[in-house]
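Please consider the following points on the model shown below.

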Amino acid sequence: MKGEKKKGKGEEIVRLNRELSILNAISQTVNESIDLDEILNKSLDKIVEMTEIESVGIYLLEEKTGELVYVAHKGFSMAFSKGMKRLKLGDGATGKTAISGEPLFIEDYPGYPEAIPFAIEEGLKSLAVIPLKSREKIYGTLNIARKEFYPFTPSTRNFFNSIGQIIGSALERASLYTENVKRLEEQKTLYAISKEIASKLELKVILEKIIRSAIELLEVDAGSIALWDNRKQAYVYVIGHGLTEALIGKEIYPSSKGVGGEVLKRKGPIVYSNYDTHPNRLVELDPFHLKETLGVPLTVREMVIGTMIVCTTDPKKRFRQNDIDLLSSFAQQAAIAIGNARLFEDSLAKIRQLTILYEVGRKLSSTLDLDELLKYALELLKTQWGYALCVILFLDREKNELYIRQVIGRDIEEVRHLRFRVGMDGIVGWVAKSGELLYVPDVSKDPRYIKEFPDIKSEAVFPLKIRDQVIGVLNVESKELMGFDEEDLRTLSSYASQVSIFIENAQLFSDLKQTLSELKQAQDQIIQAEKLRAMGEMASGVAHDFNNVLAAILGNIQLLLHSFEHYGPEEIRERLKTIEKASKDGAETVRRIQDFTGRRRDREFIPLSLNDLVHEVSAITEPRWKDQAQKKGIHIELVKRPGEVPPVLGNPSELREVLTNMVFNAVDAMPKGGKITLSTQPHSEGWVEMRIADTGIGMSEEVKKRIFDPFFTTKGVTSSGLGMSVSYGIIKRHGGEILVESEPGKGTVFVLHLPMGYGEEVKETEKRGEMVPGMMRSARILVIDDEEAVRDILSRMLMTKGHQVEMASDGDEGIELFKKQPFDLVFTDLGMPKLSGWEVGKALKKLNPKIPIIMITGWGMELNREKMGQNGIDLMISKPFNFDQVTQLIFEAMELKEKM
């Protein structure tokens, strides 16, 4: 039961890591582009590539028509995609989700009451519809379909919702970018139109150009312009396009019916949603069946000189706020052109200012770094207009005060300390509270002005707003009285609006970077938590196993101690067998821990061919470096260059694991394809070399230094970071070494050095292992161990087999006994006070090199032949040992003694 629980947790962790990896990959993919079509198609490609989803599509909401349009899809038939091209809001599961903004999961689609026949004919059995939205604005839906009945688990639903959130955020970003680009294009268009209008001096030509341009800008059918007529003391329709000629010459007043009268009355934009049924419509226009109608005032120096009206006959056309702003902006330009038709030079000045605004917008759009953006904005302002002091102040909402974020014309360090309370300190504080621009032509006459700089004579302050919320102010000061005219104020106001837009974009970009950083930090925390949890579970499991072992041993010993006289020989034997089994279980637990930590070296190795391993690994990994790579359009070549090398002594499965891991690492290091080379060759006397080379991205010095550290990885959440450290442990356990050669951009080579195999020695060991009972003769044996219990039990085992045993409690005592008496072989513990087992072995070999020395160790089998030879150690035995092991070891030692 406990194993199943652990397995379930492990599978859940794997699922979570995989989902995080997929979400991260989708996020990276969609954030690589700002093109809408590229975002949609790449996101679907990534979903299909990294998940089991085969049929997926995206609907986008078309604001003009209020319909959902099928813009991108994967895994659906052409007939289905064509039949489902457009859906009305509210139709089917997709239409309902687009209205509600809530995901819809349908596990039995044919049984869904509002199932669409086209979808049933396509074979859909289950459907998930995820809203694509950001900050409550719905852009469309993500439809994930299956052709089998599929239960959507809570984890699956959360996963699909997360994908929808990522795509929704990308759609918002693309929408904002598109909107900004559109605004810049509109500014360019306005500039071009204004330039052309300003080049004309005849009013009739100017008016014709204005109305045609307005119709083209807003993509409508008709329009008209009314201007103030001094002779009639009324506003008069002077031109119409797509409307009745009877309209020309008609007088209107602020009290008149219709759009024109309301525009004059309110001095602002007016929209009629359905003109041909509006009670204030002009009946002369009924035959045209006009629908959406928009009117804006033509204003020059705060004086309304006329109206401009545009209208459409398309019932689906709707004027958005951007259209209103665009026509209002265009109307301003038109009014200026009309009012200054005889002042050509003034018109040229206006064009120059518009050109500057366009250039400013274009240049500011080249960066998303906020500090760089603000500095650049003020430099442009001072360069183009020559004002003495330009300051951008940001609003600290928590303290309700303004602070200087960037300044041109003063040293920032001189003014950084200044703070201005909203509504209380200075002109900037008043503007921050009112949200309206304020122009003070003579600051000496305004009590709100703070006299920080005596050379300043006039000041204009503009609010910086994001979605009608003040985030700061733009403060521009001049050394001249009345240093700003109406054109300056209007242009600077537009400039402030542009700066606000670019500040918002920079903040959105900064927020996105912060979000991605937090996501990565969260992922790192999850990985670290999983590592700690795994270590905790291992410690808990080890404690559990040892507690079980100790309970069995202690319980049986206490039963024997307290009730020994009541037990017969058979029952005592059974109790002892139980103790023996528990002890062996404990020893096995120790060996498992040593396996995990890489400490054990006592596994049986066999002679094996490295060239055979190369061929096996090539075949094992072929699906990864060939088939999977080809599916991604990547070509990877694996080249084998086997040399004439002798066999090595090792564990074939472990060495296969090392080579497989390195081949997979090489594949990961070549995302665009390349070549992997596996070669073998003699290295030096007694050694064989194997090389695994790739033409991938290579490694930095920092990565090379840490490549074999446990849990270190450059692959993010897709890797545990244990592959190379495990490989390192395996090669070390084989008595070899592993080296790495790499440079960034120049590929990587892993070099393995392994000792040649001792094939004959293995055969001899196997031959000696077949001991015939009765072959063993009695031997004189010296046992040296500082642990009395170990010394006693080993001695008793040996004496039970008929051997004569002498015991010593430390190295010095053992050496003295060895000098005084003849022995056939010696057992010495590794870890002892005063002299270690290595030092004892070396000392005894000097006294008599023909006596076999056996090392006793409880630290794991460090089978290092070179070190054993240097210290006079011939054989090793690991604690805890049993009768069979000791008997076999004595047999081997006595045979070895005869050969010395």
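1. The crossing of α22 and α23 is right-handed, a crossing being right-handed if the near helix is turned clockwise from the far one by less than a right angle, and left-handed if anticlockwise. The axes of α22 (residues 811-820) and α23 (residues 837-847) come within 10 Å and cross at roughly 15°. That angle makes α22 roughly parallel to α23 (under 35 degrees; over 145 is roughly antiparallel, 65 to 115 roughly perpendicular, and the rest oblique). Axes here are lines fitted to C-alpha atoms, for helices over the stretch in contact, with angles from 0 to 180 degrees between N-to-C directions.

2. This is a predicted model, in which local features need pLDDT of at least 70 and side-chain atom pairs count only at pLDDT 80 or more, while totals for chains, interfaces and linings use all residues. Residues are numbered from 1 along each chain as its sequence is written, and side-chain values use heavy atoms, leaving out hydrogens and water.

3. Gly811, Ile815, Phe818 and Lys819 of α22 meet Val840, Ala843, Leu844 and Leu847 of α23 (contact: heavy atoms within 4.5 Å). By class, this contact of α22 with α23 has six nonpolar, one polar and one charged residues (Ala, Val, Leu, Ile, Met, Phe, Trp, Tyr, Cys and Pro are nonpolar; Asp, Glu, Lys and Arg charged; the others, Gly among them, polar).

4. For α16 (residues 610-631) and α17 (residues 652-668), the axes come within 9 Å and cross at roughly 40°. That makes α16 oblique to α17. The crossing of α16 and α17 is right-handed. Residues of α16 including Leu613, Ile620 and Trp625 meet residues of α17, among them Leu655, Leu659 and Phe664. The contact of α16 with α17 has 10 nonpolar, two polar and four charged residues.

5. The protein chain comprises 25 helices and 30 strands (DSSP runs numbered from the N terminus: H or I of at least four residues for helices, E of at least two for strands). Of its 900 residues, 46% are buried (under 20% relative accessible area; exposed is over 50%, partly exposed in between; 1.4 Å probe, protein chains only).

6. Most residues other than glycine have a negative phi. Glu219, in the loop between α7 (203-218) and β7 (222-229), has a positive phi near 55°, and Glu219 is exposed at 55% relative accessible area. Arg301, in the loop between β11 (293-300) and β12 (303-311), has a positive phi near 50°; Arg301 is partly exposed, at 43% relative accessibility.
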